[in-house]
Amino acid sequence: MTIRLRPSLWWLLVCVPVAASLEHWAPQRHTWVFGFACLAIIPLAGLMGRATEQLAERAGEGAGGLLSATFGNAAEMIIAGMALHRGLIPVVKASLTGSIVGNVLLVMGAAVLGGGLKHKHQRFNATAARSQATMLILAAIGLIAPAAFHHLAGRGALLAEGRLSLDIAIVLLATYVCGLVFSLGTHRSLFAGEGHAHPAEGGNRWPLSRALGTLLAATATIAWMSEILVGAVEETAKTLGMTEVFIGVIVVAIVGNAAENSTAILAALRNRMDLSVAIAVGSSVQIAIFVAPVLVLLSYWIAPQPMDLVFTVPEVLAVTLAVVVASQIAGDGESNWLEGAQLLAVYAILALVFYFLPG
Amino acid sequence: MTIRLRPSLWWLLVCVPVAASLEHWAPQRHTWVFGFACLAIIPLAGLMGRATEQLAERAGEGAGGLLSATFGNAAEMIIAGMALHRGLIPVVKASLTGSIVGNVLLVMGAAVLGGGLKHKHQRFNATAARSQATMLILAAIGLIAPAAFHHLAGRGALLAEGRLSLDIAIVLLATYVCGLVFSLGTHRSLFAGEGHAHPAEGGNRWPLSRALGTLLAATATIAWMSEILVGAVEETAKTLGMTEVFIGVIVVAIVGNAAENSTAILAALRNRMDLSVAIAVGSSVQIAIFVAPVLVLLSYWIAPQPMDLVFTVPEVLAVTLAVVVASQIAGDGESNWLEGAQLLAVYAILALVFYFLPG
Amino acid sequence: MTIRLRPSLWWLLVCVPVAASLEHWAPQRHTWVFGFACLAIIPLAGLMGRATEQLAERAGEGAGGLLSATFGNAAEMIIAGMALHRGLIPVVKASLTGSIVGNVLLVMGAAVLGGGLKHKHQRFNATAARSQATMLILAAIGLIAPAAFHHLAGRGALLAEGRLSLDIAIVLLATYVCGLVFSLGTHRSLFAGEGHAHPAEGGNRWPLSRALGTLLAATATIAWMSEILVGAVEETAKTLGMTEVFIGVIVVAIVGNAAENSTAILAALRNRMDLSVAIAVGSSVQIAIFVAPVLVLLSYWIAPQPMDLVFTVPEVLAVTLAVVVASQIAGDGESNWLEGAQLLAVYAILALVFYFLPG
């Protein structure tokens with residue numbers, strides 16, 4: 001295991017300082033900063049994936065998935081919090097949308113496709129997956145309702161809009177807590193996988209301290225690199241002729257979810273679809289009914305102006321369509337490579353819409 | 001059993017005359033009239049629930065559920081018919097919306113949550129539940145189609161709107177009759193439950209005459225009290241600063257569905273989920289594809305002007321979202337407490353939207 | 001078998017020449033041309049159904065379904081191609097919409113109803129059906145996305161609209177190819193049915209050459225008759241007071257899908273639901289993610305102006321609602337007559353909307 005890690009450690013020892021130095025001494029070289037930050041994040045995501053798998057082995061698949069989702073979203077929460085602090089509310093909303101859509105379509109699509117090419121039929125706990133899919137539907141309703149209110153109530157109801165958003169945020173957070181009690185408490189066994197906790201392919205088990213330490217260090221470094229990357233991505237994209245929304249929804253989300261992507265694909269390749277689906281769908285659920293509502297609440301303290309839950313029509317539509325297709329695929333407890341290709345096709349269609357949509 | 005009924009009988013002997021007297025001699029004391037009518041309905045709903053369970057024991061779970069849904073909706077049909085007679089079409093539509101949404105979200109949510117807190121996993125016949133869920137989707141399409149037509153065809157197509165509504169009403173009624181032939185005729189066994197017809201917890205079985213007599217008397221008294229309550233609820237609400245639509249969609253619907261609520265929760269607590277789901281979803285289906293179309297047809301005789309099926313955008317959206325989440329939860333033939341919490345969360349979000357929506 | 005075919009052969013020897021002669025020498029007698037073309041198509045569809053069943057027996061149910069869907073859609077592709085060549089883009093889009101909606105609602109509805117009246121419960125491979133249903137959802141998203149873009153991006157984005165349509169068409173075609181690799185390659189066994197390939201009721205098996213020859217001749221004659229019929233249907237309908245869109249969506253689609261209708265119903269009556277569902281849903285999928293994108297690409301060569309994927313709001317809504325109800329019904333791998341009636345009821349509601357919608 002140590003031998004397999006060495007190349008990526010070397011890689012990190014190069015990319016992280018280069019990205020940081022460029023950002024400090026040559027911030028105008030956006031494309032280079034962007035490139036090195038990306039190059040740094042990819043092995044970090046892999047490292048994080050391995051550490052998460054080591055911990056997941058101890059915690060059971062579902063709790064391991066929760067763990068992995070939490071650490072995968074820590075970076076996004078920090079980035080979004082900073083953007084919120086600067087009052088960049090449209091960017092926050094675009095990156096939340098991109099993370100929700102990206103996790104269930106891109107991450108789950110890649111995992112199901114990769115796993116399905118190796119294993120003809122893959123199975124996972126349908127009850128757990130449906131429970132997560134229902135959370136996604138709830139999350140979509142939590143975005144549809146304020147957006148519909150915005151268009152139906154008209155300009156005179158801005159005050160009501162803020163109060164409605166706050167109340168819906170509280171309902172979503174309460175449901176998130178219920179979900180935690182369910183998956184970690186009363187129905188833990190559902191999420192514990194069905195005993196196919198074969199040892200990691202590398203064979204050796206890390207000590208708990210090493211797994212935890214690696215996970216924390218990798219998370220912190222990903223957060224740091226992500227921040228550098230996000231700072232540079234806007235300018236980089238401008239030179240490439242993309243809109244800010246496209247960057248938020250697609251680019252930031254892809255990079256921000258590299259960790260989940262790598263862990264979910266690894267898990268799918270090892271035929272541990274319970275873990276893989278828990279990571280992909282769980283991340284989306286967590287962003288939609290935990291991160292987004294928390295940001296709404298936080299915005300009253302840390303932002304120049306409060307953030308509401310009124311997302312734009314393309315954002316709400318993208319989340320709704322992603323949720324519909326993801327529920328359909330996750331609902332029966334089995335997957336194959338075609339379903340992965342279908343998820344990726346929907347992702348491609350939505351990405352094209354955001355790409356061509358005027359800024 | 002006689003001993004257990006006595007307190008609620010005493011209760012009724014107080015509340016029913018007090019509500020009726022207040023309404024007659026002090027109709028301006030809206031809040032008191034409202035309060036006593038509510039206090040009268042709650043034990044009546046319980047009494048009705050017991051009588052329905054006694055009959056359901058004889059009739060099989062599905063037919064018992066139909067029975068219960070019919071008697072639960074009798075009150076609503078009378079109320080809606082009276083409002084229609086007075087030309088209060090928006091109030092009729094709001095209370096129909098509230099009943100459809102309230103049954104699948106509030107009633108089913110409370111039943112699934114309550115039942116799930118007592119029993120870890122509950123099962124019900126998935127084929128019967130999916131058949132009812134498909135009826136709900138059909139009902140939603142029956143509301144989406146005229147609303148979409150209204151917005152697409154423009155002002156010049158008012159005449160076509162009425163004819164379209166009439167034709168769709170006939171299609172819905174024909175499907176309702178098909179559903180009855182299916183659940184009471186060709187596929188009765190699907191709805192008969194799986195033989196877990198343990199005797200009612202009280203132990204003793206009522207004679208048929210007592211069960212029927214109690215059911216009829218309770219239904220009639222509920223209808224009477226509901227009418228008094230509805231007459232007072234508008235003024236009561238005005239003093240509380242609510243809109244008429246909110247009253248129709250939420251308050252009238254909650255009170256009108258108290259009977260189903262109590263019966264469905266009782267059934268869920270006794271782990272008879274087939275009966276519980278049949279009541280909750282069956283009531284919504286019955287209101288959407290039987291009560292609503294019948295009111296459209298009746299409006300040509302009893303109303304000052306004909307009623308169409310063009311509901312407002314928030315009403316159609318609420319029904320659609322409720323149907324989507326209810327199908328997702330009812331579709332797999334198993335339930336747990338989290339699903340109940342999720343249904344209630346969606347209900348809370350929709351109720352908030354109607355609460356904040358300007359009148 | 002020869003004896004059973006003779007009446008329909010006689011029928012064809014009368015109707016085909018009469019329809020062709022009328023169209024040539026008395027083209028102004030639109031109603032007669034229309035009537036005889038219809039009378040010719042009905043037995044042709046039956047003949048085609050028999051030949052397809054003979055081939056399906058050899059090929060396994062799923063591949064047989066694909067075969068049947070391909071030959072059923074050959075006629076539609078020719079008709080649409082000719083309309084496209086003449087620049088009648090709204091007619092092409094209306095007939096594509098009608099074919100997608102008609103196959104999953106009318107054809108599947110009639111097959112499920114007919115089969116269900118003969119057999120109490122019918123089963124089919126749920127994994128294969130869900131895979132097709134997911135393709136339908138993907139197809140609906142492929143229509144929702146450009147229509148939403150059209151309404152969100154405004155008038156200034158016409159160029160982007162064309163490029164977006166082209167790119168989405170390529171994504172859909174790539175997914176279609178993936179679907180073929182899946183159903184004919186890696187997961188062929190899923191679509192091969194479960195060994196209930198009892199011999200055709202007639203008892204005797206046709207030689208391969210006769211089956212293929214009949215299929216090809218019937219397909220060619222159906223294409224010819226369909227063309228005559230489509231040429232006459234517009235004028236016929238004008239005298240009946242219908243709009244062009246209604247003709248495209250409902251009339252052309254019903255006639256164009258007579259072959260699938262007859263084959264799917266025959267298969268359902270013989271309790272071969274795998275074949276029946278594969279034909280109905282497979283035809284819709286093929287039209288949405290193969291025929292439509294191919295026409296978009298072809299339009300750059302054969303049409304006076306390129307065709308995009310921006311369908312009208314009622315068209316997109318009809319496809320979306322049809323897909324939702326079809327996924328719900330196909331998703332559990334079992335069917336009964338009520339589900340057939342429900343599909344037909346949704347078809348009736350959509351047909352009414354298109355009937356009343358101003359031109």
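View 1. Helices (H or I, at least four residues) and strands (E, at least two) are DSSP runs numbered from the N terminus. Because 17 of its 20 residues are buried, α12(A) is largely enclosed by the rest of the structure. A residue is buried under 20% relative accessible area, exposed over 50% and partly exposed in between (1.4 Å probe, protein chains only).

The model is predicted: local features need pLDDT of at least 70 and side-chain atom pairs count only at pLDDT 80 or more, whereas totals for chains, interfaces and linings use all residues. Residues are numbered from 1 along each chain as its sequence is written, chains are lettered from A and ligands numbered from 1 in the order in which they are written, and side-chain values use heavy atoms, with hydrogens and water left out.

**View 2. The fold of chain A.** Chain A contains 12 helices and two strands. Read from the N terminus, its elements follow the order α-α-α-α-β-α-α-α-α-α-α-α-β-α. Of the 359 residues in chain A, 62% are buried. Among the contacts (heavy atoms within 4.5 Å) in chain A with a separation of 6 or more, 86% join residues 24 or more positions apart.

**View 3. The interface of chain A with chain B.** Here 33 residues of chain A are in contact with 28 residues of chain B. The two chains bury about 2,700 Å² between them, 77% of it on carbon and sulfur atoms; buried area is the accessible area (1.4 Å probe) lost by two parts on being put together, summed over both. On the chain A side, A:Arg130, A:Thr134 and A:Ile141 lose the most area, together 21% of what that side buries. A:Arg130 also forms a salt bridge with B:Asp332 (3.3 Å, N to O). This term denotes a side-chain nitrogen of Lys or Arg within 4 Å of a carboxyl oxygen of Asp or Glu. Elements giving two or more residues to this side of chain A are α5 (126-153) and α6 (158-186), with the largest share, 16 residues, coming from α5(A).

**View 4. The interface of chain C with chain A.** This contact takes 33 residues from chain C and 28 from chain A. About 2,700 Å² is buried between chain C and chain A, 77% of it on carbon and sulfur atoms. C:Arg130, C:Thr134 and C:Ile141 supply 21% of the area that chain C buries against chain A, more than any other three residues. One salt bridge is found across this interface: A:Asp332 pairs with C:Arg130, the closest N and O atoms being 3.2 Å apart. The elements that give two or more residues to this side of chain C are α5 (126-153) and α6 (158-186) of chain C, and α5(C) gives the most, with 16 residues.

**View 5. C:Trp25 in helix α1 of chain C.** C:Trp25 lies in helix α1 (residues 2-25) of chain C. This residue is exposed, with a relative accessible area of 70%. The C-alpha atoms of C:Trp25 and C:Arg205 are separated by 41 Å, the two residues being 180 apart along the chain.
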